[in-house]
Amino acid sequence: MPLWEGIEDASTMLPRIWLTRTKDSEFYCELLEGTPNVETFMSFLCDSKSFWRQHFDLCVLNGFALSDDVWKPLRKIDCKALNESRGEEVLIEGGRSTADPKNGTIRFNFVNRPPTKLMPATWFTKEEKSSKEFVLQPLPEVDSWQVELLYQNAVRASSSLGEGIEDILKEEIILESDPGFKVVVWRAGSVLSMKKRPKTSRLFSFGEVQHTLQRGYGQYTIEGEDDENALGPVTHAVFVIHGIGEAMWAKDDVNMMTTYDELNLLRTTFNKKKVASWRSLIVHLVSFIKDECKKCEKQKQKLPEPPNRVEFIPIEWYDKVRSPSHALMTSLNAVTLRSIPALRSIANDVIFDVLMYLTPEFCGVILDSVTTQIIELYSTFQRVHPFFIPSGGKFSLIGHSLGSVIAWDVLSILKDNIERDVPKGSADDPIILDAPASPHRAPSLTSLDKGVTDNSIGYKAYAKGSESENKHGTWGPCLPKKMTRTIPFIPEMTVFLGSPVGLFLTLRGAHSVFDEMRAVAEAERASLIPCDNDEAEPPPVFNVNPIICSPFSLPTKALYNIFHPRIEPLLLPEGVAIQDLPPPIFLSPDGKSVRLHVKARQVGDQLFRNLGSLSNIFDKSIEHAAAAAAAADAEAARKLGSIESSKGDRAQRPIFEGCIKDREMLFKLGGNTHRVDFQIQPGVIDNEYLSAVTAHSSYFCNDDVIDFLIVNTRTSEA
């Protein structure tokens, strides 16, 4: 029995391997035509830092780049499903894509990407690039079955009962898919192989290009396949809204990952960590069971079920406002200088996103695009996973960079639509609050429909005021028209990564709005105390401590602001000193366990503050005495009626200094967490400036963030 070269799969029933490719040959042809010369293009390809060098394998022959596509195999579980489908459509990659064998395409279910090509194969052309590198090109099925028949004849002829291989060596097959080539059985010494050669051979085969055919694809692994297959069904779906610069990262000549690529990497790491934790638990449990079995013969203890899967779905809005045919992009390109193109591109493709969102027209377009996508994907996801909702599946939101502001505004509009028609009592049982009337709020003409006015505290309020009148702002966007479409669910959790929400709320004047809500809540509570005599002590059942945290909340069960600017100071009274603000919580699975070097740094900072406080005792005593004297004078003046308020004068701002010391902060905005602001734990050797720059683009691969998401998405599996 002779030896065979290129036989990776010697099984009798050769299974088909399904492959896909992402780029068409026409793309490379256009790239070649646009290249000034071959030398420049070849040096570009050979650059180790080149994007194409890292992502695509181009065959180089006779000093020129060929436009050969690189076919990559699908996951093994998807190949098996397609082989059993009998030509019907099959969900692959955990439901993220749909394979259509009849049309030979793969379409994406949750992202806006062009379909990719799909092809089954059993035989492959082995194109060697070097002694250690080669590319496998699938042979079309119309030719594969003829090659397989020739191979089987050669195997039988070379067997012990065969008639010999001599006649088989004379046979040849003309490829229908490539009539310029033929396939023959080739013998080199005692080794046989299937060769693809030109139809017309040259003299002595000098300079002739020939390739070895390979039967079967061979052993391969797809990163993340085993981990995802080990998990249970999907029980949590997270919509991720991208931030600024996505138009730049999506360019082919920019070596940066898009949000789609980052989420693929996040999903792989996320699943790997979940499976590793589950398997570690099983190892300990099995060891425990074996020890117990020595004492008793009962082995009915059930092993823990595998954790369920979490799906991350990108929400892309940049292409809705940055279409090349849009008049804005045409004008932007016209006014852009051609000098220093790299900096111009950063200004146009990154910074310009923020400027557009500050414009009511484009803010409305972006919010409408994001809301529409979430509504459509909400329906698509349930169609792909029909048992998701019946089994208790949950939806959540993640916003990165500017995407966190968009997520905040989407929830603001949802809150306004939920609370707009909520009755404040009834005719039989009205709710009457002994609270001061809300100051007049000037509605914006750009945020209300024609003929409609609404002075309620909501996203339609307009930041307007002067020194002579009460200044009120808004906690939501200012839009050219009212939005009635909202997302169809209340998020299980909302996470802001690298969030500038605090800056946007400050620009919108939201602090005064939150402060007014706190004052109204304070007045409401005071009106419920059954005490007719102002000088009498209230019953002990009532809490008379002042309300410190604003009762403002958004329709989400939990909210985490992994900040750049903070949000919590805006939910506290405006008079609270900076040194009295509660520090943000370090990001950890339980909110308490921090690394040793972080704990040491906290202890050092606390000692420094204590030493500093000793030197300020004398100054503080003078300040407290002055404050007490001023308060006594104000109280005496109030009782004597000596203070007359002039028209348009503001009420005296209360002093809140020291009012939150040693008090637990419970922010209603945080939902189940009671806190809002979180920060990533610093490294052992950490530069604050460098960390601030790098952290903004590395949240999705940060271990602390991933562990935090694993723990907080696990609640839906209870």
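Colleague: Lys-557 first: how accessible is that residue?

Modeller: Lys-557 comes out partly exposed, at 37% relative accessible area. Keep in mind that this is a predicted model.

Colleague: And which residue does Lys-557 meet in a salt bridge?

Modeller: Glu-492, with 3.4 Å from N to O. The pair links distant parts of the chain, 65 residues apart. Glu-492 sits in the loop between α14 and β19, while Lys-557 is in the loop between α16 and β20.

Colleague: Is Glu-492 buried or exposed?

Modeller: Buried, because its relative accessibility is 15% and the cut-off for buried is under 20%.

Colleague: OK, switching topic. What about Glu-311 and Arg-267?

Modeller: Their side chains form a salt bridge too, at 2.8 Å from N to O. Glu-311 belongs to strand β17 and Arg-267 to helix α9, 44 residues apart. Both residues are buried.

Colleague: How many salt bridges does the structure hold?

Modeller: 24. One of them pairs Glu-166 with Arg-187, the closest N and O atoms being 3.1 Å apart. Glu-166 is in helix α6 and Arg-187 in strand β13, 21 residues apart.

Colleague: How accessible are those, starting with Glu-166?

Modeller: Glu-166 has 46% relative accessibility, so it counts as partly exposed. Arg-187 is partly exposed as well, with 38%.

Terms used:
Residues are numbered from 1 along each chain as its sequence is written. This is a predicted model: local features need pLDDT of at least 70, side-chain atom pairs count only at pLDDT 80 or more; totals for chains, interfaces and linings use all residues. Side-chain values use heavy atoms; hydrogens and water are left out. A salt bridge is a side-chain nitrogen of Lys or Arg within 4 Å of a carboxyl oxygen of Asp or Glu. Helices (H or I, at least four residues) and strands (E, at least two) are DSSP runs, numbered from the N terminus. Buried means under 20% relative accessible area, exposed over 50%, partly exposed in between (1.4 Å probe, protein chains only).
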